[in-house]
Amino acid sequence: MFDQTDIQMMQHALSLARLGRFSTSPNPRVGCVIAQGGQIVGQGFHIRAGGPHAEVHALRQAGDFAVGATAYVTLEPCSHYGRTPPCAEALIQSGIKRVVAAMTDPNPLVAGNGLAMLRAAGIETRSGLLEHEARTLNRGFLSRIERQRPFVKLKCAASLDGKTALSDGRSQWITGDAAREDVQILRAESCAVLTGIGTVLADNPRLTVRSFPTLRQPARIILDSRLQTPPDCHLITDTAAPTLIATLIDDPERHTPYLQQPHVRIIRPSENAAGQIDLADLCRILAQQGIGELMIEAGATLNGAWLQSGLVDEIVYYQSAKILGNPARTPFALNEQPQALAAPAAWHSLSVEILGNDIKWVLARADSAA
């Protein structure tokens, strides 16, 4: 069904799509290659929401060479009018003979209609080439569409003996420069970064990408059930990125000091049985807001709550060679323990990487198909 040329072209289209991993949210990351006789005549990727899609960039570059060519696209071409015209229509008008898609688009606005439109115009279509790689690249977008919640990754940094801070709360810096630089990349790839009110009060973070320029800063989310966020903290006064405060307080007068900042919004998830924010409902609201990939940067209590919720899809664990000792703080505050140590682990390793003198360990839920 697919030959070696098809595979090579789609691999290149996927590499192009990755170039948009910091900027396309809430849109998917998409790359397109147009080839004529095994030679690339046009290529492009989606850069940011509201701008031309990957197919349009590739067609502009190919020009008349698109006639009779094959287009390789990492996601089914769109078939509807949004902020840009349908890419399926542009491909039809270009004279393309064949379209190969890595996967169909689960978005109800597309969902097979793009490929159907191409077939109706006499264009040969195929899909499913390197689909796993394409799904992995767009795991946040797909989670938002298919599960109605973000793909959730929890990041933490700990010492060799599993501690995240000294007993007095000091945590700067457990890991070295290379690991901290890698965290900046994780942030940039995320649609939003979430922390708790405890971290806001203790550290006054900014949660922005600062080590390299990016077209889009991730949104910042504060979990603050009782609305204790200081109006003069960085997440409120720093306008570099949107800030969402998730709270249970329904009092417009108390909301006013925050809403005076145009980049700040308040959302009100439901309350769980423990009187805290219901994390599943929060995820549902965030997906509706266009947030597909959510990164947790929080303390032990909130980390534990997210783990026990069953909503975390991936853990990114940075471990340093430092030893902090027994009084230091742990990364996860959990109210339960395994019934038996011989039971299968709830997490399995995806990768281990050395960053300077630290280790980056990425784990996925053993029961997750995300």
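Helices and strands are DSSP runs numbered from the N terminus, a helix having at least four residues and a strand at least two. The model is predicted.

Q: Which helices and strands each supply at least two residues of the lining of the second largest pocket?
A: A lining residue has an atom within 4 Å of a point of the pocket. Helices α5 (131–137), α6 (139–146) and α7 (177–189) each supply at least two such residues, as do strands β6 (151–158), β12 (314–319), β13 (347–355) and β14 (358–365). With five residues, α5 gives the most.

Q: How much space lies in the second largest pocket, and which residues lie nearest its centre?
A: The space comes to about 900 Å³. The lining has 34 residues, and nearest the centre lie Thr136, Leu137, Arg139, Phe151 and Glu314.

Q: What is the make-up of the lining of the second largest pocket in nonpolar, polar and charged residues?
A: Asp, Glu, Lys and Arg count as charged, and the lining holds 17 charged residues beside 11 nonpolar and six polar ones.

Q: Why is Tyr317 called buried?
A: Buried means under 20% relative accessible area. Tyr317 has 12% relative accessibility, and therefore counts as buried. Tyr317 belongs to strand β12.

Q: What makes the space with Ser25 close to its centre a cavity and not a pocket?
A: In a cavity a 1.4 Å probe fits but cannot get out, whereas a pocket is an open set. By this rule there is one cavity of 30 Å³ or more. The largest cavity has a volume of about 130 Å³. Its lining has 19 residues, and Ser25, Asn27, Arg29, Phe141 and Cys191 are the closest to its centre.

Q: Which helix gives the largest share of the lining of the largest cavity, and how do the lining residues divide?
A: The largest share, four residues, comes from α6. The lining divides into seven charged, seven polar and five nonpolar residues.

Q: How do you know whether Ser143 is buried or exposed?
A: The limit for a buried residue is under 20%. Ser143 has a relative accessible area of 4%, so the residue is buried. Ser143 is found in helix α6. Leaving aside neighbours within four places in sequence, Ser143 is in contact with Gln148, Arg149, Pro150 and Phe151.

Q: What kind of peptide bond joins Ser25 and Pro26?
A: The bond is cis, with omega about 5 degrees. Pro26 lies in the loop between α1 (4–18) and β1 (31–36).

Q: Why is Asn204 called partly exposed, whereas Leu207 counts as buried?
A: Partly exposed covers values between the buried limit of 20% and the exposed limit of 50%. Asn204, at 28%, is therefore partly exposed. Leu207, at 4%, counts as buried because buried means under 20%. Asn204 lies in the loop between α8 (197–203) and β8 (219–223), and Leu207 also lies in the loop between α8 and β8. Neither is a glycine, yet phi is positive, at about 50 degrees for Asn204 and about 60 degrees for Leu207.

Q: Why do β2 and β5 stand at the edges of the five-stranded sheet?
A: The open sheet has the order β2-β1-β3-β4-β5, with mixed pairing. Strands β2 (39–45) and β5 (124–127) each have a single partner strand, so one side of each is left without a neighbour in the sheet. Neighbouring strands are turned by 15 degrees against each other on average, direction ignored.

Q: What makes β1 and β2, β3 and β4, and β4 and β5 count as paired strands?
A: Two strands pair if DSSP finds at least two bridges between them. β1 and β2 have six bridges in the antiparallel sense, and Val33 stands opposite Gln43 in β2. Four bridges join β3 to β4 in parallel, with Val73 opposite Ala101 in β4. Four bridges also join β4 to β5 in parallel, with Val99 opposite Thr125 in β5.

Q: What makes both faces of β4 covered?
A: Arg98 and Val100 on one side are buried, and so are Val99 and Ala101 on the other. In a regular strand the side chains alternate between the two faces of the sheet. Helix α1 lies across β1, β2, β3 (70–73) and β4 (98–101), at about 145 degrees to β1.

Technical notes
Residues numbered from 1 in each chain as written. Predicted model: local features only at pLDDT ≥ 70, side-chain atom pairs only at ≥ 80, totals over all residues. Heavy atoms only, no water. 1 Å grid on protein atoms, 1.4 Å probe; cavity = no way out; pocket = protein on both sides within 12 Å on 5 of 7 lines; lining within 4 Å. Points joined across faces, edges and corners; volume = space filled by probe spheres on them. Buried < 20%, exposed > 50% of the residue type's maximum accessible area, 1.4 Å probe, protein only. Axes fitted to C-alpha atoms, helices over the stretch in contact; angles between N-to-C directions. Contact = heavy atoms within 4.5 Å.
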